[in-house]
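Welcome! Take a look at the sequence and structure first.

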Amino acid sequence: MTVTVAPSPGFLDLTSAELAERMVADGLRPAHAGALWRVLHHQFETHLLAREDLEPPLKRWITAKLAGEFTHITPQIASHIPSADGLTQKLLLRLADGQEVETVVMSYTGRHTACISTQAGCAMGCVFCATGQMGFVRHLTPGEIVAQVLEAQRLLKGLGLPGLRNLVFMGMGEPLHNYDSVMQALRIITDPRSSRIGPSRITVSTVGVVPGIIRFAAEQQPYNLAVSLHAATDAERTALVPVNARWPLAELMEACRFYHSHTGKKIFFGWTLIAGRNDTPDVARQVAGLLRGLSAHVNLIPLNPTEKFDGCESADSAADGFQKVLADAGIPSTVRQRRGIDVAAGCGQLKAAKKRSQD
Ligand code: SAH
Ligand code: SF4
């Protein structure tokens, strides 16, 4: 496994207030900060110095910063693959140090959602997930996370489509394992000066990093929380999600209760349905027991194929039966629409795709 260091800080790592503070400290006017912010976050400019419309003092400042302490993260689009139905677009972004991450843009009748990556690879090792199968490479910086949103916006703009409405942090990596960078990126993304994507339209999904959930709750983070559960007993969960050995179900559910009592918010539980393994009515009854007392919504995700896991997706009838047991226990659920499977942009398929497209 290659572990590389993250690149030096860039303009996209800063909130509008942080950027303005630095610029004013260097003798520029707040209006210069506003102009730079617009160029970065509204016009999605990648070549700052090529801009003719920036005032000379601002251009000089940018030039000096780029020569010194800052970089401007401009990931290259290594590939852009639309699915056959045109409803999913997968962007493979090459970062400054050559690492590659994927961002997926999904279209639902007039609305667009981007699925954002938070790490190159993932340390959590879930056996059915392509990102987990590749291991951990490195954390992404806030700017690299922000850049994915900007690239997705640029893509939609280029196609003449409206901008993003929702974001899900369900791409490569475990967001709460890279807590500080993810929260900084979210501050930048939801800055009223940068976008119209409010916190209630953003969901952060975790495999169950208990200290991260507690911190997220204690800090009253305004984003939605999703917890990927997949199994209702420790033995079965540890087999699928090895970090369960570190934060077993009892601790995870206690953290979820803490979140609920602290924020009053609903939790979205992710459940990847694997035929014959976690899709039976008995298992559904166990899930209902685990979630009792919480305000929960269960997202059932049909298993997508990955190279190193030979489980099969559940039959529709099993998914229906599972949903019925949950409904009888008063727990709402939805079966997630499958998206972008032909270009390996579905849940848990990220990264494996690249290898396959090169075969
Ligand atoms: N690390 C975070 C977020 C990224 S994974 C987490 O695990 O929650 C996003 C979702 O995709 C998770 O719910 C995960 O369990 C699911 N997933 C992973 N591999 C999958 C696969 N092969 N098929 C379907 N869903 C999968
Ligand atoms: Fe990491 Fe989430 Fe994949 Fe598990 S499912 S390996 S936590 S990205």
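How many nonpolar, polar and charged residues does the lining of the second largest pocket have? By class, that lining has 12 nonpolar, six polar and four charged residues. Here Ala, Val, Leu, Ile, Met, Phe, Trp, Tyr, Cys and Pro count as nonpolar, Asp, Glu, Lys and Arg as charged, and the others, Gly among them, as polar.

This is a predicted model, in which local features need pLDDT of at least 70 and side-chain atom pairs count only at pLDDT 80 or more, while totals for chains, interfaces and linings use all residues. Residues are numbered from 1 along each chain as its sequence is written, chains are lettered from A and ligands numbered from 1 in the order in which they are written, and side-chain values use heavy atoms, with hydrogens and water left out.

**The pockets**

- A pocket is an open set of points on a 1 Å grid over the protein atoms alone, with protein on both sides within 12 Å along at least five of seven lines; a 1.4 Å probe fits at the points of a cavity but cannot get out, and lining residues have an atom within 4 Å of a point.
- The second largest pocket has a volume of about 440 Å³, where a volume is the space filled by probe spheres set on the points, which are joined across faces, edges and corners.
- Its lining counts 22 residues, and Phe 44, Gln 153, Ser 194, Ser 195 and Arg 196 lie nearest the centre.
- Two elements give two or more residues to this lining, helix H5 (142–158) and helix H6 (179–189); helices (H or I, at least four residues) and strands (E, at least two) are DSSP runs, numbered from the N terminus.
- H5 gives the most to the lining of the second largest pocket, with six residues.
- The largest pocket has a volume of about 800 Å³.
- Around the largest pocket there are 34 lining residues, with Met 106, Tyr 108, Thr 113, Val 168 and Arg 336 nearest its centre.
- In the lining of the largest pocket, S11 has the largest share, four residues.
- That lining divides into 17 nonpolar, 12 polar and five charged residues.

**The largest cavity**

- There are three cavities of 30 Å³ or more, and the largest cavity holds about 530 Å³ of space.
- Of the 33 residues that line the largest cavity, Cys 129, Met 170, Ser 205, Ser 228 and His 230 lie nearest its centre.
- Helix H4 (130–134) and strand S10 (267–273) are among the elements that give two or more residues to this lining.
- The lining of the largest cavity has 17 nonpolar, 14 polar and two charged residues.

**Ligand 1**

- Ligand 1 takes up space in the largest cavity; a molecule sits in a cavity if more than half of its atoms lie within 2 Å of its grid points.
- Around ligand 1 are 20 residues, and Phe 128, Ser 205, Ser 228, His 230 and Asn 304 come nearest; a residue is near a molecule if one of its heavy atoms lies within 4 Å of it.
- A polar backbone atom of Phe 128 is 2.8 Å from a nitrogen atom of ligand 1, and a backbone N or O atom of Asn 304 also lies 2.8 Å from a nitrogen atom of ligand 1.
- The shell around ligand 1 has nine nonpolar, 10 polar and one charged residues.

**Ligand 2**

- The space taken by ligand 2 is also the largest cavity.
- The residues that surround ligand 2 include Cys 122, Cys 126, Cys 129 and Glu 174.
- The shell around ligand 2 divides into five nonpolar, three polar and one charged residues.

Conventions: A polar contact is a pair of N or O atoms within 3.5 Å; within protein, one must be able to donate a hydrogen and the other to accept it, and residues adjacent in sequence count only if both atoms are side-chain atoms.
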